[in-house]
Amino acid sequence: MTTVIEVQDLHKRYGPKVAVDGISFQVDEGEIFGILGSNGAGKTTTVECVEGLRRADRGSIRVLGLDPVRDHAELTQRVGAQLQEAQLPEKLRVGEALSLYASFYRRPADPAALVAALGLEDIRSTRFGKLSGGQRQRVSIALALIGNPRVAVLDELTTGLDPRARRETWRLIEEVRAGGVTILLVTHFMDEAERLCDRVAVFDRGRVVAIDTPAALTKRAAAQLGVERATLEDAYVALTGESTDV
Amino acid sequence: MSEALLRLTATEFTLFLRDKVGPIFGLFFPTALLCVFGNIDFFTDPANGVDGQPLLYTYTPILVGFVLAMLAINTLPPTLASYREQGVLRRLRTTPIGPAQVLGAQFAICLATALVSVVLLLAVARLAFDVPLPRQPFAFALSALLAALALIGIAVVVAAVTPTARAANAIGSVLFYVMMFFAGLWLPIEAMPPVLRHVSEATPLGAAVQALSEATAGDWPSAWRLPLLAGYVVVTALAGIRLFRWE
């Protein structure tokens, strides 16, 4: 299997504060790879380095064989990003945003197909500023996919969505993966990671404390705790030694 | 790629129109002000004017300065600051287009709107109120262009040093009124006491209005006016590039 994302010994600090302290992991083609951790664990900094938005202090990153900083222009053609709290101009309509972003790429996806897939028909002529949190989230997922990316980086995918919308989003992500897109998913929801991810990396205070399939992590936790069945949350708590946000 | 830039500029222009502030205050308000002045006898009677010319002649270049300042200083900083505040620029950094192109589109819109607005203003002044057109049109155009670029540079610096759109709006407004004062909107430069006149000549809009007045009268602007404006362009451009942050 081909490696699509390779992060090796990544370090990043902001002033005296160490955000990422020697993180390494690999993501294979067609995988949904989760990064799990509490706030401040270094998740967002790591994916921002992967997207080329930040320059690492030390370590190497390869995405589809490209250096995210040096080959940024080419990287942006092939990697779709959904950012935390990133927005569009308030007065821009959803349909306008999709066709604008489609024009940025060499081989864009069909905006109409994405509108249908994400259920955006009713809000196509609504201004971004008038959308609810869940609607904004769906638009930003659509924008992450509009360039027909080989890799999609999704940060806090379902934050702010109601349970029904979350499940619909999960189904959509599985469909996207079925289309051959590799997905790097940042989350602090255990159920989301358990349901979606083939493998997860558990981050704790800027380090990776475990990388495995959710099943293997829960099995190990069950053995450790001496119980018959454990959840991913149990595994997470055992690994990080702190309470979670959930 | 060029199709993307075209579409980006068209989209930003749609947003500019939707915002209404720029089109109303930058495009129609200065000409409306001209029409108000033009219908007041005090402004059209040569006896009240400077050098035997009606005051309206003196005010036409001031209103050109008003157009440029309104479009650059009052609309650009809040737009750029809000794009940064809302993560619009950050989002664009992950696309092949990049955030610098949005700034380019904004500048193009600002300059194009200024051109339309100034042409409208001069045409109405000439046709409705018999104000003579600039006798040195090339010098007039060059002065207006340099002034517009200097004001855009100032706008970028304002957007760079203000954290929010609200703050950018506030600082932009204060700067606008101060600069318009020195451009002679309330007291024509010719009528200012010497100290104020010297300060005015050193400000970008004061220098611009004087250069525009001289070009209107048929002269090339006094030796250092255009170099001063060009200096403002260079300094604010360098400062803007150094200070402006995408996030």
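The largest pocket in this predicted model has a volume of about 620 Å³, where a pocket is an open set of points on a 1 Å grid over the protein atoms alone, at which a 1.4 Å probe fits, with protein on both sides within 12 Å along at least five of seven lines, and a volume is the space filled by probe spheres set on the points. Local features need pLDDT of at least 70 and side-chain atom pairs count only at pLDDT 80 or more, whereas totals for chains, interfaces and linings use all residues. Residues are numbered from 1 along each chain, chains are lettered from A in the order in which they are written, and side-chain values use heavy atoms, without hydrogens and water.

**Contact between the chains**
- Chain A brings 29 residues and chain B 22 residues to the contact, which means heavy atoms within 4.5 Å.
- About 2300 Å² is buried between chain A and chain B, counted as the accessible area (1.4 Å probe) lost on being put together, summed over both.
- In chain A, Leu53(A), Lys91(A) and Phe104(A) lose the most area to chain B.

**Salt bridges**
- There are 3 salt bridges between chain A and chain B, each a side-chain nitrogen of Lys or Arg within 4 Å of a carboxyl oxygen of Asp or Glu.
- Glu96(A) and Arg18(B) form a salt bridge through their side chains, at 2.7 Å from N to O.

How values were computed:
Buried area = accessible area lost by both parts, 1.4 Å probe. 1 Å grid on protein atoms, 1.4 Å probe; cavity = no way out; pocket = protein on both sides within 12 Å on 5 of 7 lines; lining within 4 Å.
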